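User: I'm new to reading protein models and would like to learn how to do it. Could you walk me through one, feature by feature?

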Amino acid sequence: MILDLISSETTQIATLAVIGLLVGAFCNYAIYEWRWFWNSILPVSPWQFFRRSRYQESANENQKLTPASPLDFIPVIGWFLKSRDSKIFGAGFWMRPLLIEVAFAVGLPLFFIWQRDGGLLGFSGQHSATTEAWFWGHTILIVLMTIATFIDFDEKTIPDKVTISGTLIALVIATLLPGFRLPEQLGPGIWQSITFCSPDEIPGGYWHHDFYGLLVAAGILTVWCFALLPFTWKLDGSVYDKIRFALGSVIRPPRKTKCKVGRDVTRGPRLVTWFLCGLWIALMIYIAIAWYLLSKDVYWNSLFGAVVGLGVGGGLVWSVRIVAGWAMQREAMGFGDVTLMAMIGAFLGWQAAVLTFFLAPVGGMLITLVQFIATRRSELAFGPYLCGTAFLLLFFWSSLWPPAATGFFFVGGKWLAITLVAVLVAMALML
């Protein structure tokens with residue numbers, strides 16, 4: 001256990017506060033560096049070295065940044081000093097990143113104390129390897145959701161750098177730490193990790209340990225990689241033409257085409273297509289090796305639960321995106337919300353993903369209503385509400401899971417799936 005190497009509790013808390021400052025600084029760097037649109041070229045974070053030099057070369061004299069200072073790189077203090085560039089970035093631009101770093105400096109030690117004292121379990125427990133795994137793993141999830149939240153607020157996009165890397169990290173954690181899955185109480189002071197069948201017991205025969213389980217896991221990961229491909233869809237034409245055009249936009253076989261000025265242009269598969277093909281091959285090898293070595297162990301239970309969480313979390317939002325887009329004849333949700341929920345499901349399991357899916361719209365609808373009354377705009381970045389709901393669900397898990405297990409999930413997997421399909425059909429009719 002990493003923190004056990006530090007004997008004094010005061011030293012532990014101070015160390016975590018410093019780590020929190022550095023984590024907050026990384027979040028601010030990622031928020032400004034990983035965003036998609038053109039205005040991300042503005043080097044707001046002092047760590048954006050390359051963007052700063054490019055911006056300085058193209059900016060006119062009135063938009064030149066003030067010379068960088070070594071003090072700019074000190075968390076919190078650096079943002080006070082960066083306020084000198086308010087004429088370029090806007091008044092008060094430095095307050096949000098400053099508060100993010102303060103929040104992590106204060107929040108990380110408090111989060112550790114909460115985990116150490118059994119907050120996730122719902123009863124006082126002893127600090128162990130499992131509670132420390134929860135602490136570090138869920139800290140990674142919170143960091144990723146923080147980055148996704150503020151980029152989505154700014155640009156209505158969620159970058160794949162956050163969600164794809166986060167999902168892969170969740171799969172690795174699930175493989176190495178089977179106790180990382182969210183807990184459920186069995187009795188006073190007794191708990192176990194939830195499985196892909198919770199709240200029910202895993203059915204006899206342990207079918208997911210057989211070759212069929214490997215096929216299910218490989219199938220979910222294949223659909224996930226396929227969905228990430230950069231399809232371009234035609235709005236007119238037959239279904240055959242739309243599918244042909246979409247596949248062509250991804251594969252783009254090498255050929256010669258002539259542009260208007262007479263130059264030959266070689267076209268080939270996009271770089272992202274090559275990357276996703278390589279990622280799919282790596283995941284197939286990874287899941288096959290994991291199944292072969294761990295299929296009779298709790299480690300496979302954990303990894304299989306993470307893969308199912310990925311599939312259910314992403315599948316729910318993807319279904320809403322398809323149904324709502326068809327009903328409204330325009331894009332109703334960004335695909336970043338799909339990959340975000342897949343990441344949350346991989347970290348927390350399909351049960352938490354389903355609860356997040358149903359609870360997040362409550363806050364989103366209230367804020368949308370207020371926004372529409374005030375500005376007549378109905379568009380809303382939904383990612384922050386998914387992240388906020390998952391964050392709150394994590395803290396109130398010990399209180400929410402028992403009634404959810406005996407109530408909402410009591411109907412069983414088959415009837416729950418039928419209910420979800422009925423909800424999608426009703427939503428399409430309403431839209």
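**Reading the model step by step**

Analyst: Happy to. Let's begin with one residue: E155 is part of helix α6, which covers residues 129-155. Keep in mind that this is a predicted model.

User: Does E155 count as buried or exposed, and why?

Analyst: Look at the relative accessible area; under 20% counts as buried. E155 has 7% relative accessibility, so it counts as buried.

User: How far apart are E155 and W36 in sequence and in space?

Analyst: Those are two separate things to check. Along the sequence, E155 and W36 are 119 residues apart, yet their C-alpha atoms are 7.8 Å apart in space.

User: Where does V76 lie?

Analyst: V76 is in the loop that runs between α2 (49-58) and α3 (77-82). It's another non-glycine residue with a positive phi, of about 70 degrees. V76 is buried, because its relative accessible area is 18% and the cut-off for buried is under 20%.

User: And the peptide bond from S198 to P199: is it cis or trans?

Analyst: Check omega for that one. The bond from S198 to P199 has omega near 10 degrees and is cis. P199 itself sits in the loop between β2 (190-193) and α8 (211-228).

User: Now helices. How are two packed helices described?

Analyst: You give the angle between their axes and the distance between the axes. Here, take α7 (residues 160-176) and α10 (residues 271-294): they pack at about 15 degrees, and their axes are 12 Å apart. Angles under 35 degrees count as roughly parallel, so α7 and α10 are roughly parallel to each other. Their crossing is left-handed.

User: Which residues of α7 and α10 make the contact?

Analyst: On the α7 side they are I164, L168, L171, V172 and T175, while α10 brings in L279, L283, Y286 and L294. Sorted by type, the residues of this contact are eight nonpolar, one polar and no charged.

User: How many residues does the largest nonpolar core have?

Analyst: The largest one has 94 residues. Those with the most contacts inside it are I147, W224, I287, W300, F347, L348 and W397. Apart from that lies another core, of twelve residues, including Y55, L65, W79 and W94.

User: What is L348 in contact with?

Analyst: Skip the neighbours within four places in sequence, and you get H138, L141, R181, L182, I194, A390 and L394.

User: Where does D85 lie, and is it buried or exposed?

Analyst: D85 is in the loop between α3 and α4 (86-89). With a relative accessibility of 0%, D85 counts as buried. Neighbours within four places aside, D85 contacts L65, T66 and F93.

Note on methods. Residues numbered from 1 in each chain as written. Predicted model: local features only at pLDDT ≥ 70, side-chain atom pairs only at ≥ 80, totals over all residues. Heavy atoms only, no water. Core = buried A, V, L, I, M, F, W, Y, C linked by side-chain atoms within 4.5 Å. Buried < 20%, exposed > 50% of the residue type's maximum accessible area, 1.4 Å probe, protein only. Contact = heavy atoms within 4.5 Å. Axes fitted to C-alpha atoms, helices over the stretch in contact; angles between N-to-C directions. Helix = DSSP H or I, 4+ residues; strand = E, 2+ residues; numbered from the N terminus. Parallel < 35°, antiparallel > 145°, perpendicular 65-115°, else oblique. Left-handed = near helix turned anticlockwise from the far one by under 90°. Nonpolar A, V, L, I, M, F, W, Y, C, P; charged D, E, K, R; others polar.
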